[in-house]
Amino acid sequence: DRQTLVAVLQFLRRSNLRESEEILRREARLLGDDLGAAALSPTGTGLLGTAGGDAESAGSDALLSRVTTAATVAIGASAAAVASSSPGVAAVAAVPPGKVGGGVVVEDQPDVSAVLSAYNQQGDPTLYEEYYSGLKHFIECSLDCHRAELSQLFYPLFVHMYLELVYNQHESEAKSFFERFHGDQECYYQDDLRVLSSLTKKEHMKGNETMLDFRTSKFVLRISRDSYQLLKRHLQEKQNNQIWNIVQEHLYIDIFDGMPRSKQQIDAMVGSLAGEAKREANKAKVFFGLLKEPEFDVPLDDEDEEGENEEGKPKKKKPKKDSVGSKSKKQDPNAPPQNRIPLPELKDSDKLDKVMNMKEAARRVRLGPECLPSICFYTFLNAYQGLTAVDITDDSSMIVGGFADSTVRVWSVTPKKLRSVKTAADLSLIDKESDDVLERIMDEKTASELKILYGHSGPVYGTSFSPDRNYLLSCSEDGTVRLWSLQTFTCLVGYKGHNYPVWDTQFSPYGYYFVSGGHDRVARLWATDHYQPLRIFAGHLADVTCTRFHPNSNYIATGSADRTVRLWDVLNGNCVRIFTGHKGPIHSLAFSPNGRFLATGATDGRVLLWDIGHGLMVGELKGHTDTIYALRFSRDGEILASGSMDNTVRLWDAVKAFEDLETDDFTTATGHINLPENSQDLLLGTYMTKSTPVVHLHFTRRNLLLAAGAYSSQ
């Protein structure tokens with residue numbers, strides 16, 4: 001709006017702010033176009049339409065306040081200087097820069113009373129219902145294309161208006177407001193509303209964490225520019241300041257240019273505690289490729305060679321060896337630098353294990369829709385102790401159960417029994433040079449199928465074997481993570497960092513590092529030889545319920561009860577992805593073997609598939625009717641297996657789910673995802689147990705699927 005610009009330039013000249021005036025003149029081209037788009041009045045007082053609309057009627061103060069805001073976007077510091085030096089615009093500077101044209105200031109967790117005092121705006125309590133129903137009427141009568149987008153406002157506005165009434169001690173008005181409108185909210189907010197309904201007095205709000213989170217983290221809505229302009233115009237015509245103030249103060253509106261999203265597209269992405277992820281949150285580069293495997297020759301065993309010859313197929317091994325070597329020589333372009341984070345050196349035993357792994361891989365079954373895996377189910381019978389966690393070693397030789405009676409029980413699932421190392425006195429008698437020294441150090445008298453590890457003082461919620469099978473991790477309600485030796489079956493270390501229950505723990509695929517997540521809402525990265533955590537990943541708004549390492553060990557995924565999944569960079573502790581879309585707490589995570597995709601399962605019975613590189617949801621698998629506690633990709637990534645509390649294991653066609661992905665720039669920029677209506681054509685099979693919820697799944701090196709759970713008699 002030329003008129004406005006001229007007014008401001010004259011004002012700057014009068015105030016001797018030559019520099020600002022120059023900058024504004026230079027930016028005028030840009031500002032001329034973007035005034036309408038970028039200008040939001042942070043004071044909430046001079047409410048104006050888009051530039052050029054109500055310019056004449058508005059007083060010059062309001063004009064200035066509007067332009068200053070727009071200038072803040074373009075100029076930054078000098079605009080602030082203008083604001084502070086002139087009485088006409090001082091109001092702008094006084095208000096913290098909450099939201100200017102989609103930019104936002106991140107606030108740290110502030111003091112409780114300071115947080116709550118933001119609700120100190122005394123609107124007329126009797127009009128709240130009228131305001132809300134007015135907005136509701138407007139949204140319901142708007143065009144279909146805008147209605148779906150604007151309906152996202154109902155929930156955050158409902159919560160903030162209710163909390164504002166409670167905070168200002170209008171208890172009866174708050175109660176009637178809640179009763180009148182809580183039925184209109186989406187079904188997936190029911191649990192949050194239950195918590196909200198118990199906050200009926202100002203005092204209740206002080207200690208309530210959910211409440212504080214809602215207040216401090218801005219609720220994110222993703223809305224197209226057209227819908228946003230429509231909303232803004234409506235609120236300004238109605239002089240509906242109360243609602244506009246809440247939009248300004250407590251919501252972060254991520255505006256995108258382009259078509260509004262449909263109801264299905266929005267429903268797929270919303271539902272988390274703090275709305276959707278900002279698009280900015282998923283822009284960082286992620287090295288999702290795999291690290292290069294170390295090269296070493298595969299030694300040929302004599303009996304192998306003879307065996308091959310007898311069958312009349314000599315020289316079968318040689319080309320295999322070469323192919324194994326050559327496969328790893330090509331560096332994955334998306335892989336992190338090999339030394340980005342320090343990884344432990346390979347020991348001789350690790351090399352032997354890798355060789356075994358390659359031999360097994362050579363005999364691996366190629367799975368697919370035509371060739372489904374056999375499933376071997378380990379049922380824990382009479383588990384009156386309450387089975388709470390299961391893990392299986394990579395070579396499928398041992399299985400561990402964590403129990404509610406605070407024990408950790410390790411079984412051998414091969415004929416080879418579990419043995420401890422001999423006592424120090426006996427070890428001194430052994431000839432250390434002999435070939436079978438590793439056999440000799442084991443004490444045959446201790447051989448048994450089951451070892452019970454005592455040490456925790458509360459239910460054990462997570463267990464994880466180290467890749468080399470020498471160690472075992474367990475985490476518990478007692479707030480500790482324990483490291484056990486599988487040579488001596490004793491506890492080596494208790495890691496104390498969490499103050500509350502620890503829900504999950506997992507070893508890095510390379511050993512040495514491990515991650516834990518708990519009720520204190522943070523995940524911690526540890527190294528086995530440090531008693532303090534190396535990294536603390538903070539950002540979730542509720543318990544961290546499950547943790548997983550990326551196959552290249554540079555990233556960690558965490559699922560939380562705030563209904564989001566976050567991906568963290570191990571190197572610097574930054575959050576590089578936020579995935580929203582689940583409607584309940586997340587309980588299982590699985591990375592695809594190639595590192596490109598992540599599958600997540602939650603209490604809503606849906607498995608969601610994510611493209612890590614683009615930060616996009618690329619699939620939704622519906623079929624389970626209860627919480628999904630286990631997810632695993634087959635060794636080559638052709639099949640995804642999911643296990644649930646509904647007593648079934650389901651197999652999904654992962655190849656088909658990930659092919660022909662629309663990951664063009666537009667989709668990435670706006671989040672217009674088009675999920676297939678029906679995931680049934682991806683479902684390859686459903687396998688019922690009699691009455692055993694599935695707690696864990698594991699593909700052996702030859703692609704046999706192992707599943708585990710405790711039989712429940714009810």
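A word on the source first. The model is predicted: local features need pLDDT of at least 70, side-chain atom pairs count only at pLDDT 80 or more, and totals for chains, interfaces and linings use all residues. Residues are numbered from 1 along each chain as its sequence is written, and side-chain values use heavy atoms, with hydrogens and water left out.

Now the overview. The protein has 23 helices and 33 strands. Both are DSSP runs numbered from the N terminus: helices are H or I with at least four residues, strands are E with at least two. Of the 714 residues, 52% count as buried. Buried means under 20% relative accessible area, exposed means over 50%, and partly exposed is in between, with a 1.4 Å probe and protein chains only. Next, contacts, meaning heavy atoms within 4.5 Å. Among contacts between residues at least 6 apart in sequence, 62% join residues at least 24 apart.

Let's go inside. A nonpolar core here is a set of buried Ala, Val, Leu, Ile, Met, Phe, Trp, Tyr and Cys residues joined through side-chain atoms within 4.5 Å. The largest one holds 47 residues. Which of them touch the most other members? They are Leu153, Phe158, Phe177 and Leu196. Helix H9, residues 154-167, gives the most to this core, with eleven residues. Apart from this core lies another, of 21 residues, including Met269, Val286, Tyr555 and Leu589.

Stay with Phe177. Leave out residues up to four places away in sequence, and Phe177 touches Tyr128, Glu129, Tyr132, Phe158, Met161, Tyr162 and Leu165. Glu129 is on that list, and Glu129 sits in helix H7. Is Glu129 buried or exposed? At 18% relative accessibility, Glu129 counts as buried. With the sequence cut-off of four places again, Glu129 touches Glu173, Ser176, Phe177, Arg180 and Phe181.

That brings us to H7 and its packing. Two packed helices are described by the angle between their axes and the distance between the axes. The axes are lines fitted to C-alpha atoms, for helices over the stretch in contact, and angles run from 0 to 180 degrees between N-to-C directions. H7 and H9 pack at about 175 degrees, with axes 11 Å apart. H7 and H9 are therefore roughly antiparallel to each other. The cut-offs: under 35 degrees is roughly parallel, over 145 roughly antiparallel, 65 to 115 roughly perpendicular, and the rest oblique. On the H7 side, the contact uses Tyr128, Tyr131, Tyr132, Leu135, Lys136 and Ile139. On the H9 side, the residues are Phe154, Leu157, Phe158, Met161, Glu164 and Leu165.

H7, residues 128-141, also meets helix H14, residues 225-237. Their axes come within 11 Å and cross at roughly 140 degrees. That makes H7 oblique to H14. Gly134, Leu135 and Phe138 of H7 meet Leu230, Leu231, His234 and Leu235 of H14.

On to the strands. Strands of a sheet pair through backbone hydrogen bonds, either parallel or antiparallel. Here, two strands pair if DSSP finds at least two bridges between them.

Start with S13 and S14. They pair in the antiparallel sense over five bridges. Leu473 has Leu483 of S14 as its bridge partner. S13 and S14 form a hairpin with three residues between them, and Gly479 in the turn has a positive phi of about 90 degrees. S14, residues 480-485, is mostly covered, with five of its six residues buried.

S14 then goes on to S15, residues 490-496, with six antiparallel bridges. Leu483 has Val493 of S15 as bridge partner. This hairpin has four residues between the strands, and Phe489 takes a positive phi near 55 degrees.

Next, an open sheet. Four strands run in the order S16-S17-S18-S19, with antiparallel pairing. S16 (502-507) and S19 (535-538) are the edge strands, each with a single partner, so one side of each has no neighbour in the sheet. The twist averages 20 degrees from one strand to the next. Four bridges join S18, residues 522-527, to S19. Leu525 stands opposite Arg535 in S19.

Last, two loops. Asn16 lies between helix H1 (2-14) and helix H2 (18-38). Its phi is near 60 degrees, positive in a residue other than glycine. Asn16 is exposed, at 60% relative accessible area. Arg469 lies in the loop between S12 (460-465) and S13 (471-476). Phi of Arg469 is near 65 degrees, again positive in a residue other than glycine.
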